[in-house]
Amino acid sequence: MSQSSSPVKGTAFTSKIGLIMAAAGSAVGLGNIWKFPYIAGENGGGAFLIVYLGCVLLFGLPLLMTEFLIGKRSGKSAFGAFRELCGNSRWQWLSWLCMLTSLLIMGFYFIVTGWCFNYLIEAIRNTFDSLVGTEALTAHFQSVVSNTPRMILFSMLPLLLTAAVVWFDVNKGIERLSKILMPLLLLMMLLMAGRVLMLDGSNVGVQFFFQTDFTKITPRVVMEAMGQCFFSLSIGMGALITYGSYMPKTQNVTTTSIQVIVLDTLVALLAGVIIFPAVFAFGFDPAEGAELVFVVLPAILQQMSLSWLSSVLFFLLLCIAAVTSTISLMEVMVAFICEASNRPRGKRQSVRPLSRHQSVLITSAVVSVLIVLCVLSMTGAWSSLSVFGHNLFDCFDELTSCVMMPLGAMGMAIFVGWILPKNGVKGKMYPDRGVKRWFWNIYIIVLRWLVPAAIVVIFLNSLKLFDVA
Ligand code: PHE
């Protein structure tokens with residue numbers, strides 16, 4: 001086993017900061033800016049925040065470390081990592097689960113990213129000026145999400161962009177771009193937050209976001225926070241295993257995980273600090289659901305001074321956050337295909353080894369088909385394309401974040417917590433240099449008991465086998 005061999009020959013991160021930025025780019029996405037504020041808004045603001053932070057520390061950190069460790073120690077992507085570490089193919093199902101999860105997430109994530117691009121272009125062209133009030137903006141949003149050709153076209157735009165970045169070697173494409181985009185994103189968010197906090201009445205929104213009403217903490221809120229924590233940190237689908245396999249040998253897994261978590265949480269908090277004060281300053285309802293960003297925000301941005309600049313800035317940062325995530329999703333598939341097709345199989349080589357470029361083309365083609373199917377099922381253009389009465393977009397979203405990602409995360413926790421030590425390969429998962437023994441012991445206990453137990457609860461709940469209040 002070599003730690004330095006990366007899944008695709010010739011590629012690896014050349015700097016520690018490059019990997020941190022790329023992993024933070026994967027974590028920071030629509031989940032932070034689009035989903036987090038409205039889930040927090042629906043679940044009582046500050047109370048949700050506390051539960052969310054608890055989940056991040058208790059489950060997010062150990063699972064992030066686990067994925068990085070699997071990738072770093074095996075030197076392989078989601079395809080070969082489990083086989084490499086345990087020495088047999090019994091855990092290969094987890095590899096396939098990762099690959100399928102990334103594929104299905106791409107199916108719906110590119111569509112929402114497409115809405116962001118659509119809104120960015122409209123913001124640049126000043127389209128929102130002619131749409132006054134939330135009714136007009138709701139109608140506009142509905143017209144965007146029901147227009148089949150437009151949705152397909154706008155979903156292809158980020159797909160092409162993502163493919164163009166992943167086309168290059170990891171250090172030339174992903175690393176270079178993340179090192180520019182992530183600091184830019186943070187800077188833009190700080191600017192936006194400063195701008196919003198200067199509005200009259202914004203303090204009510206800040207109070208709402210940070211108030212702590214413990215009566216709001218119900219089991220359902222805890223469940224929601226846990227699901228959001230997995231999605232937001234990109235846990236349980238192999239993105240961080242893949243990035244971990246490109247990790248420089250001297251990089252510390254524990255500190256890197258903490259840095260990624262801090263960045264991800266900071267962006268989620270900043271998104272809340274941008275959105276809630278603005279919502280209250282202009283007298284809107286904080287619990288507007290998924291339309292918060294696409295209806296309420298444009299309405300607010302319209303009323304601000306420097307509205308053109310603020311709108312462009314906001315949708316640009318949304319697009320940047322989304323694309324750094326789609327890059328990591330595509331990298332999972334591309335590294336998977338490369339590694340699977342390049343695996344030595346003795347004399348009988350039945351599969352032709354594929355290059356990185358070929359893998360990018362295959363992935364893009366498959367994802368395009370998924371996007372088209374999702375859009376057709378969503379707009380009703382092909383109404384028989386539904387599962388149990390839900391369109392494919394909703395199905396992929398629910399299935400991945402409620403079932404597949406928790407299942408993947410549980411598999412990885414059991415794999416590292418129970419299977420590896422039993423197989424006599426304990427040494428392979430040795431802690432980082434300098435990490436205290438007590439920290440490592442707690443990590444293993446959490447991984448063995450707490451993570452699987454918590455995930456079983458989420459899992460049963462999402463399967464509606466029992467319903468929490
Ligand atoms: N973490 C991303 C977000 O918050 C979503 C994502 C999930 C990206 C899984 C990659 C892999 O939006």
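## Helix α6

Helices here are DSSP runs of H or I with at least four residues, and they are numbered from the N terminus. A helix's expected span is 1.5 Å times one less than its number of residues. Take α6, residues 133-145: its 13 residues reach 19 Å from the first C-alpha to the last, close to the 18 Å expected. Before going on, keep in mind that this is a predicted model, where local features need pLDDT of at least 70 and side-chain atom pairs count only at pLDDT 80 or more, while totals for chains, interfaces and linings use all residues. Residues are numbered from 1 along each chain as its sequence is written, and side-chain values use heavy atoms, with hydrogens and water left out.

Which residues of α6 are buried? They're Leu137, His140, Phe141, Val144 and Val145 (buried means under 20% relative accessible area, exposed over 50%, and partly exposed in between, with a 1.4 Å probe and protein chains only). These residues cover an arc of only 125° around the axis, so they sit on the same side of α6; the arc is taken from the directions from the helix axis to the C-beta atoms. The buried residues of α6 pack against α5 (92-124), α7 (148-167), α13 (296-303) and α15 (356-379), where contact means heavy atoms within 4.5 Å.

## The nonpolar core

A nonpolar core is a set of buried Ala, Val, Leu, Ile, Met, Phe, Trp, Tyr and Cys residues joined through side-chain atoms within 4.5 Å. The largest one has 173 residues, and Trp115, Phe315 and Phe415 touch the most other members. Helix α14 (residues 307-341) gives this core its largest share, 20 residues.

Let's zoom in on Phe315.

## Around the ligand

The ligand is surrounded by 16 residues, and the closest are Ala27, Gly31, Tyr109, Phe231 and Ser232 (near means a heavy atom within 4 Å). A nitrogen atom of the ligand lies 2.8 Å from a polar backbone atom of Phe231, and a ligand nitrogen is 3.0 Å from a polar backbone atom of Ser232.

## Two loop residues with positive phi

Asn126 isn't a glycine, yet its phi is near 65°, a positive value. Asn126 lies in the loop between α5 and α6 and is partly exposed, at 36% relative accessible area.

Ser234 also has a positive phi, about 55°, without being a glycine. Ser234 is in the loop between α10 (219-232) and α11 (239-245). Is Ser234 buried or exposed? At 7% relative accessibility, Ser234 counts as buried.

Note on methods:
Polar contact = N/O pair within 3.5 Å; in protein donor to acceptor, adjacent residues only side chain to side chain.
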